[in-house]
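Please look over the sequence and the structure shown here; the report that follows goes through selected features, one topic at a time.

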Amino acid sequence: MNEVDFLLWVRGPGLAIATVIFVLGMTVKMFEIFMLGRKKNLAELRGTGVKEGFRTIITRSGHVDTYSTRNTRFTHIAGWVFHIGMFTTIFLLAPHIEVFKSIIGFAWPALPTPIIDLATVIAMITMLAMLFHRITNPVLKYLSTGQDFVVWTLTFLPLLTGYMAYHHLFFSYTLVLGLHILSVCLLLVFFPFTKLTHAVTLFFARWYNGMMAGEKGVQQ
Amino acid sequence: MSEATLERGLNALKEVIDTPMALFFSSCTHCGMCATACLFYTETENPAYTPINKVEPLRRLWEQEYTLVGRIKKALGMSKPITDEELEEWKEYAYNACSLCGRCTMVCPVGNDITYMIRKMREGMAASGHTPEGLVGASTRAVEIGSPMGVKLPALQAQARHVEKDTGIDIPFDVEGAEYLMLMSSMEIMNYPEYLEAVSRIFHAAGKSWTISSEAFEATNSGIQIGSSDIARQLVSRVVNAAEKLKVKTVISPECGHAYTAIRWEGPNLIGRPFPFHVKHILEVLDEFRAEGLLKTEGFEDARMTFHDPCQLVRRGGVVQQPRNLLNMVATDFVEMKDHGIMNWCCGAGGGVSANEDAEELKMKAFNRKKHQLEELDGVETLVTACANCRIQIEEGLEENEIDMPVVGLTELLAEHLVEENKTEG
């Protein structure tokens, strides 16, 4: 298989297989979660908690606690910067929008490529800083498992290979573009079976958190 | 309790795993933010005390039993089973180093209710027999004697007679059809007799009928602290039976945090049906009296005062504004701690920590958080709270740190300023 064959395979059947695994995997995952159910709360409730649930989805992106804010500033800011950089790159780069258009049928305006380039660099630098933080901070060192480093790598590779492709670094463009798409395939394949699922489940988790507090009349 | 085994423990854990919990475990990215929200971590810097770590065996069980990858790994013999040794190690994390205060639940960026999970984790710890001696003792006394501290009815009756002699007001026992059933905590009966006197005078002045049940006067519930729903159910049922027998409209939880959670929020779920009566914390009732003009006070405290929010009342209970309304009736110089209300810091002794001798040293370390908070305030002279357990921990902590600051219960503070018009019961 030469570079062209590789690129053709990975952007055709490769990506299709990865997408199918992603969709099926997430379906199974959500089924596993919601099949468990939750017992009805029989206490005399102060409210349904529905409103508080939705509110917590929004408010939990910020901090309410002065002490934690001071002591987790790095995690907090790095979390924001990395996610914004990554989502900007994924959703606002013109060639990416073309891919989405071919799947869902419509497009949206792209950002100029130099801005995307900057966002990618910021996201990668932030990720490297977060990795350093993970291996040096005592709490993170204690909590971290192999999977934390696997998902870090799975997230970092598409950013790195995308950057390499755009700047024509190290290898031929065809090969690097193939590797870029392959890294996205890997991300999709592993997504439903690792903590990458937080990207989806966190909204439900926040909702339950706010809802259960709201039932008791606790406003977050 | 029936014989505790690992198998029973694992079954108990499987039973508590539900949709919210699966979402929480699926969402955790090991960011470590919950550590800085936990006073057991901030005051010791022991990474093992990071809240999410306290449920690690439960997470593994969820993964092995309820996820596709986990089941495949288990079938291939690639997963680490949960053992007695591991649960024994986790006893320190799940009991000694957790007061179920709920602060981690408020800061988790993905929204995990970690406290909810630790409370459920204790069900498996209790069923597998990995529980601290002190809590086993308290639970046994609660079941056999009727109180975790071994307080019996005659002790309460003697206290009631003293109060009657001092105030000339009857303390009603077993009065059918009374509006309110008053519960007490053992700590109040043993250490803070002021509470009973205060409520009897306030209710007398308000002209409200109330009673104590000689069959169920204890409000605390060791069952929810140790994590045994069976014991918790048995203790809640006593109160429910008494309330139904006396046909009261409302059961009043005393100045005790976890007692409120036990009867107000867990109670109906433990017995499997809604209560035919309301459950209110004493501060909720007093605030209603205030709003109806039934609680009148005179004079003000000159001292600069602050209020320590009991975790189970605010974050886990939704009683936030009432103590402030009440305190403002009698305090002219009331200042809030930096993190207060739903973001207050725990006293360090809730959730069974105070009954657990293994945690004695740790709970005093944890108290340093409250000490720092008090030091941040300028010249506070009196600390007011509404939980006898918080109160005794704070008193002990202040004494250990040689800080001279009186700690008072809000109900008794209000009673000191009560306008008594000798209203008779209507």
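## A kinked helix in chain B

In this predicted model, α7(B) has a kink of about 35° centred on B:W90, where the bend at a residue is the angle between axes fitted to the seven residues ending there and the seven starting there. Helix α7 of chain B covers residues 84–96, and its 13 residues should span 18 Å at 1.5 Å a residue, which agrees with end C-alpha atoms that are 18 Å apart; the expected span is 1.5 Å times one less than the number of residues. Helices (H or I, at least four residues) and strands (E, at least two) are DSSP runs numbered from the N terminus.

B:W90 is also one of the buried residues of α7(B), together with B:L87, B:Y93, B:A94, B:Y95 and B:N96; buried means that 20 or more other C-beta atoms, placed from the backbone, lie within 10 Å of the residue's own. Their cover includes α1 (6–16), α5 (56–66), α9 (114–127), α10 (133–144) and α19 (360–376) of chain B.

## Basis of the model

Residues are numbered from 1 along each chain as its sequence is written, and chains are lettered from A and ligands numbered from 1 in the order in which they are written. Because the model is predicted, local features need pLDDT of at least 70 and side-chain atom pairs count only at pLDDT 80 or more, whereas totals for chains, interfaces and linings use all residues.

## Parallel strands in chain B

An open sheet of four strands in chain B has the order β2-β1-β3-β4, with parallel pairing; two strands pair if DSSP finds at least two bridges between them. At the edges stand β2 (210–211) and β4 (278–281) of chain B, each with a single partner strand, so one side of each has no neighbour in the sheet. Helix α15 (residues 229–246) of chain B packs on this sheet, touching β1, β2 and β3 of chain B, and its direction makes about 145° with that of β1(B).

Elsewhere, β5 (residues 305–308) of chain B is joined by four bridges to the parallel strand β6 (residues 382–385) of chain B, with B:T382 as the bridge partner of B:M305. B:M305 and B:F307 point one way from β5(B), B:T306 and B:H308 point the other way, and all are buried.

## The side of chain A that touches chain B

In chain A, 49 residues are in contact (C-beta atoms, placed from the backbone, within 7 Å) with 51 residues of chain B. α10(A) gives the most to this side of chain A, with nine residues.

Note on methods. Contact = placed C-beta atoms within 7 Å. Axes fitted to C-alpha atoms, helices over the stretch in contact; angles between N-to-C directions. Buried ≥ 20, exposed ≤ 12 C-beta atoms within 10 Å, placed from the backbone.
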